[in-house]
Structures are given as structure tokens and as C-alpha cells.
Amino acid sequence: RHKSPAKSVLDDIFGELLRLEKPIVFHNALIDLAFLYESFHVPLPAKLSTFSADLNEMFSGGIFDTKYISEYWARDGASFLQYIFRKNQRENHRAHVDDKNCVSVFFDDAGDEVAYVDCRLPRPSDPKSGRKLCKDYANHGYCRRGVACSDEHDVD
């Protein structure tokens, strides 16, 4: 069977991930891991225990699922990734301002070769509405009530 150039590059990337034995981070990982396993390794096994053991061996650096961490370890009550990120970013900023333990990350300038995404906390420009954050939105990134919802949908 002939591999397309794109498939060959993806095979190389997947192989490199396995070779480096570094931790790998996902958000809501099960479907992604099943897709990677089936697409770049072998067909999915019939038993979940076999699949889990194979993943443990393949990703020896560890597999971390931010959704699992937020729901079951941190007991955040919300699992929408943007909400979790901003909430923890604000808490970390407060710790920094209060001269407590916090995380600081600095990136070297990679020039024009790497796209840069500014994910700093936004500066408050307008006072917040005073409304509480919508739990559906914080959990899922959408609210079935849409514009009829009286709660806030802006996680920033």
C-alpha cells in the first residue's frame, strides 16, 4: 500500500513522539489516543486493558489529560479548556502579585519562523457585567440557551 507524503510525515512525527519518551498532554484524550493508535500503530485491540497497557508502554513519559485533571483531581467543576486556562492564569497572577509561589514562563524570540500567540491575561477595558459565569459555558464552551442566557459567557 502506497503512503501519501502527508501520511509519511505524520508517521515520522508520531514515531518521534514515541522515541523521545516525553510526557504528552491532551484535553479529553481517549478519542485522540484511539485515533493515533489506529492510524499510526495497529488496529485497536478488542480489550480496553490491552489498549491501556499498550499506551502505557508507547508513551513511557506519561499521558496527561487536562480534562481528567480538572474534573477528577482538581475538582474544578468545569472542564472547558479556555475557562480552566484563564481561571488558573488569574490565580497564578494573584499569587505573583502577592509574592507567593507561582509559575513564570518566558520564551526566547524564535523570529519569524514560529507563529506567536499572545495568551497573556487581557487587560480589563470595560467593567464586567456583574453577571455570574454560565456553568454550561464553563463546562462545555457553549450554552444551549445562547443569547437568551442571562449569565456571562466571556471567560476573560
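1. Does Arg-144 count as buried or exposed? Arg-144 counts as exposed, at 71% relative accessibility. Its side chain meets that of Asp-136 in a salt bridge, at 3.7 Å from N to O. Asp-136, by contrast, is buried, with a relative accessible area of 18%; the cut-off for buried is under 20%. The model is a predicted one, and the points below should be read on that basis.

2. Overall make-up. The chain has 6 helices and 2 strands. From the N terminus on, the order of elements is α-β-α-α-β-α-α-α. Of the 156 residues in the chain, 24% are buried.

3. The structure holds 3 salt bridges, including the one between Asp-136 and Arg-144. Glu-16 counts as partly exposed at 35% relative accessibility, while Arg-19 counts as exposed at 54%. In helix α5, Glu-91 and Lys-87 lie 4 residues apart, about one turn of the helix, and their side chains form a salt bridge of 3.2 Å, N to O. Glu-91 is partly exposed, with a relative accessible area of 36%.

4. The stacked aromatic pair. The count of aromatic pairs comes to 3. In one of them, the ring centres of Phe-14 and Phe-40 are 5.5 Å apart and the planes stand at 25°, so the pair is stacked; the cut-off for stacking is under 30 degrees. This pair links distant parts of the chain, with Phe-14 in helix α1 (residues 5-20) and Phe-40 in helix α2 (residues 29-40), 26 residues apart. Phe-14 is buried at a relative accessible area of 5%, and Phe-40 is buried at 18%.

5. The edge-to-face pair. The rings of Tyr-37 and Phe-51 have centres 5.1 Å apart and planes at 80°, so this pair is edge-to-face. Tyr-37 belongs to helix α2 and Phe-51 to helix α3 (residues 48-58), so the pair ties together parts that are 14 residues apart in sequence. Tyr-37 counts as buried at 2% relative accessibility, and Phe-51 is buried at 6%.

6. The aromatic cluster. Phe-14 and Phe-40 form one aromatic cluster with Phe-59.

7. A contact across the sequence. Ala-29 lies in helix α2 and counts as buried, at 3% relative accessibility. From C-alpha to C-alpha, Ala-29 and Lys-67 are 8.1 Å apart in space, against 38 residues apart in sequence.

8. The nonpolar surface patch. Val-25, Phe-64, Tyr-68, Ile-69, Tyr-72 and Trp-73 make a nonpolar surface patch of about 710 Å². Helix α4 (residues 66-73) gives the largest share of the patch, 4 residues. Trp-73 lies in this helix and is exposed, with a relative accessible area of 70%.

9. Where is Asp-108 found? Asp-108 is in the loop between α5 (81-97) and α6 (135-140). It counts as exposed, at 73% relative accessibility. Asp-108 gathers with Asp-109, Asp-112 and Glu-113 in a patch of negative charge on the surface.

Terms used: Residues numbered from 1 in each chain as written. Heavy atoms only, no water. Patch = residues over 30% accessible without salt bridge, like charges linked within 9 Å, V, L, I, M, F, W, Y side chains within 5 Å. Areas by Shrake-Rupley, 256 points an atom, 1.4 Å probe, with all protein chains shown as cover. Salt bridge = Lys/Arg side-chain N within 4 Å of Asp/Glu carboxyl O. Lys, Arg positive; Asp, Glu negative; His and termini not counted. Charge placed at Lys NZ, Arg CZ, Asp CG, Glu CD. Buried < 20%, exposed > 50% of the residue type's maximum accessible area, 1.4 Å probe, protein only. Phe/Tyr/Trp six-rings, centres within 6.5 Å; stacked < 30°, edge-to-face > 60°.
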